[in-house]
Amino acid sequence: MGELIQIVDSLENKISKLLHRLEVLQKANQNLENELMTFKSNKENADKTVSEWEEKYKSLKLANSMLGSNTNKTEAKLKINTLIRDLDYCIAQLAE
């Protein structure tokens, strides 16, 4: 009978340790999830900033080419042609 009590006590001890370890791991997991959410948010903000700067760069590049810069004249002409085509398409859609 004493041996059975020792086995039960041993099992209770092991279960208690496992439950404690489970609790510790759940807390660590929650902390990691929170950290991941923070990193994702920071990445999204950084991506947004990068895309805003890329748009500003493209606008400046186009403005420079329109001001007479010889390096990007063909690119400016292509951009203007694209804008004209888009406008023509919109006008055609409105006319229908």
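Colleague: Before anything else, what pLDDT do local features and side-chain atom pairs need?

Modeller: Residues are numbered from 1 along each chain as its sequence is written, and side-chain values use heavy atoms, with hydrogens and water left out. Because this is a predicted model, totals for chains, interfaces and linings use all residues, whereas side-chain atom pairs count only at pLDDT 80 or more and local features need pLDDT of at least 70.

Colleague: How much space lies in the largest pocket?

Modeller: Rolling a probe the size of a water molecule over the atoms shows where empty space is left. On a 1 Å grid over the protein atoms alone, a pocket is an open set of points where a 1.4 Å probe fits, with protein on both sides within 12 Å along at least five of seven lines. Grid points are joined across faces, edges and corners, and a volume is the space filled by probe spheres set on the points. For the largest pocket that space is about 180 Å³.

Colleague: Which helix gives the largest share of the lining of the largest pocket?

Modeller: Lining residues have an atom within 4 Å of a point, and there are 10 of them here, with Lys-58, Ser-59, Leu-62, Glu-75 and Lys-79 nearest the centre. Helices are DSSP runs (H or I, at least four residues) numbered from the N terminus, and both H1 (2-66) and H2 (73-95) supply at least two lining residues. The largest share, 6 residues, comes from H1.

Colleague: How many residues of that lining are charged?

Modeller: Asp, Glu, Lys and Arg count as charged, Ala, Val, Leu, Ile, Met, Phe, Trp, Tyr, Cys and Pro as nonpolar, and the others, Gly among them, as polar. Sorted in this way, the lining of the largest pocket has 2 nonpolar and 3 polar residues, and the number that are charged is 5.

Colleague: What accessible area do the residues of the nonpolar patch have together?

Modeller: For a nonpolar patch, side chains of Val, Leu, Ile, Met, Phe, Trp or Tyr are joined within 5 Å, provided that each residue has over 30% relative accessible area and no salt bridge. Ile-7, in helix H1, counts as partly exposed because its relative accessibility is 44%. Accessible areas come from the Shrake-Rupley method with a 1.4 Å probe, and for residues only the protein chains shown count as cover. Ile-7, Leu-11, Ile-15, Leu-19 and Leu-22 together have about 470 Å².

Colleague: What distance separates the C-alpha atoms of Thr-82 and Ile-15?

Modeller: Thr-82 is located in helix H2 and, at 34% relative accessibility, counts as partly exposed. Thr-82 and Ile-15 are 67 residues apart along the chain, and their C-alpha atoms are separated by 70 Å.

Conventions: Patches are made of residues with over 30% relative accessible area and no salt bridge: like charges are joined within 9 Å, nonpolar side chains (Val, Leu, Ile, Met, Phe, Trp, Tyr) within 5 Å. A salt bridge is a side-chain nitrogen of Lys or Arg within 4 Å of a carboxyl oxygen of Asp or Glu. Buried means under 20% relative accessible area, exposed over 50%, partly exposed in between (1.4 Å probe, protein chains only).
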